[in-house]
Amino acid sequence: QMYVHYAWLIMISCCVIASTGMGLINGCAGIFLRPVSQELGVGIGTLSLYITLQALVMSFMVPLAAKIMQKYNINLVLSICFIVQCGTFMMMSQFTSVTHFYIAGIVIGLVSPFIVFLAVPTLMNAWFQKYLGTLMGITLAFSGLRGAIFNPIGSYFITMYGWRTAYLLLGAIGLIIVLPFMIFIVRKKPSDKGLSAFGAEKASASLGNQTAELKGISSKHAIKTGTFYMAVIAVVCLGLIGNIVNHLPGFIVSLGISPTVAATGVSAFMIGVICGKILVGFLNDKIGIVGAICVIGALSAVGTMLLLFHPGGIAVIIIGTALLGTGAATATVLPPLLVRTLFGQKDYATIYSYLSMGIGIIGALSVSIYGFIYDAAGTYVYDFMIVAAAIILAMVNIALSVKSAKKLQAD
């Protein structure tokens, strides 16, 4: 008799969360900046501050969000978050002042940590023991659909119907896609369905499912260790690698290349991110997290060097951006796998929330930091030198944290 494990339905739900919650609502914000700023009569920088506000609120909200997600029904929590997120997006269609957008940024920031940082890693970590890295990478790669599908659809709506109607349509599409999965399919852990995690049947039969789930180091103990702070440095560096994407078009144009080719470079970067997410997860399962970061770090280091020195012109720049994209993929896939590797599952969500806070803050600040460095120096060379240093620091700190964790777990 053929039996399909319920975990696969959870994975499909996580793909929907990644593509819609992370990809549609958060990923399409940029396409509205120009038309909205023109109608409201404000600068793009002034309007885009709402995205910075959203990112900062989201970052500081993560630890509290982790506690709420642990304490309450995950279906209810995620359903409310999606209703607030998509509902606010729809309400933007009625805004007449930049202040309204700032308030909306704060509101979306309050619910985004559940969707952007916690939902997918928490559910995948609970439901999969086998192939976790590969499946996590595949799932998170769905967030890349924003560039391939949702941004063109959103741009079409803006062109055909105006930005106000586009906000309404995208928000409604988000709700229609996501809510059925949140209400009818998502469950926090296998025991809610009388099951054990995929690939853990034998373990749970011999150990008992609760014992298996609680294995690991407590969050109170973890945050007092050097291992934890090495992990923080590593994930902040991974964030620095990923956030250079915002300056890639400007960098490529600064080399005397057309904006059209610059856009192709960004597309190559996003393809690199999608492939990189799957590759990172696969390598994690096959050769461990240290091996994975070494391989991906080497690829992204080569990409950075090609962009810095660009021998051979446009083709080399496109290859360089794609390789750098594989490094950017680590910012979302590696942190949840790193937490599980270093500290186990006992207080997984809480420890991961602290790391996510670091990712969020560096995400909110790094775009501006890179911009200020360019303004001061008149070149992007120093920005890419920071990226190169971040790659090396991430590799070193992940290797050291894993070595440190073995001693920690032995004690």
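Is Leu 169 buried, partly exposed or exposed, and what is its relative accessible area? I found Leu 169 partly exposed, because its relative accessible area is 32% (buried means under 20%, exposed over 50%, partly exposed in between, with a 1.4 Å probe and protein chains only).

**Entry 1. Basis.** I am working from a predicted model, in which local features need pLDDT of at least 70 and side-chain atom pairs count only at pLDDT 80 or more, while totals for chains, interfaces and linings use all residues. Residues are numbered from 1 along each chain as its sequence is written, and side-chain values use heavy atoms, with hydrogens and water left out.

**Entry 2. Confidence.** I looked up pLDDT (the predictor's confidence in each residue, from 0 to 100). The protein chain averages 85, and 95% of the residues score at least 70. Helix 4 (residues 74-91) has the highest mean, 94, and helix 10 (residues 209-213) the lowest, 43; helices are DSSP runs of H or I, at least four residues, numbered from the N terminus. Over residues 203-213 pLDDT stays under 50, and the model has 12 contacts beyond four places in sequence for them (contact means heavy atoms within 4.5 Å).

**Entry 3. Gln 85.** I located Gln 85 in helix 4. Gln 85 counts as buried because its relative accessibility is 0%. Leaving aside neighbours within four places in sequence, I noted its contacts with Gly 21, Ile 25, Asn 26, Ile 108, Val 111, Ser 112 and Ile 115.

**Entry 4. Aromatic pairs.** I searched the whole structure and found 20 aromatic pairs. Rings of Phe, Tyr and Trp (its six-membered ring) pair if their centres lie within 6.5 Å; planes under 30 degrees apart count as stacked, over 60 as edge-to-face and the rest as tilted. Tyr 131 and Phe 198 form a tilted pair, because their ring centres are 6.4 Å apart and their planes are at 40 degrees. This pair links distant parts of the chain, 67 residues apart: Tyr 131 is in the loop between helix 5 (98-127) and helix 6 (132-141), and Phe 198 in the loop between helix 8 (163-184) and helix 9 (201-207). Tyr 131 is partly exposed at 44%, whereas Phe 198 is buried at 17%. I then checked Tyr 374 and Tyr 380, whose centres are 4.1 Å apart with planes at 20 degrees, so the pair is stacked. Tyr 374 is partly exposed at 27%; Tyr 380 is buried at 9%.

**Entry 5. Ring cluster.** I recorded a cluster in which ring pairs link Phe 32, Tyr 50, Phe 89, Phe 95, Phe 101, Trp 163 and Tyr 167.

Terms used: Helix = DSSP H or I, 4+ residues; strand = E, 2+ residues; numbered from the N terminus.
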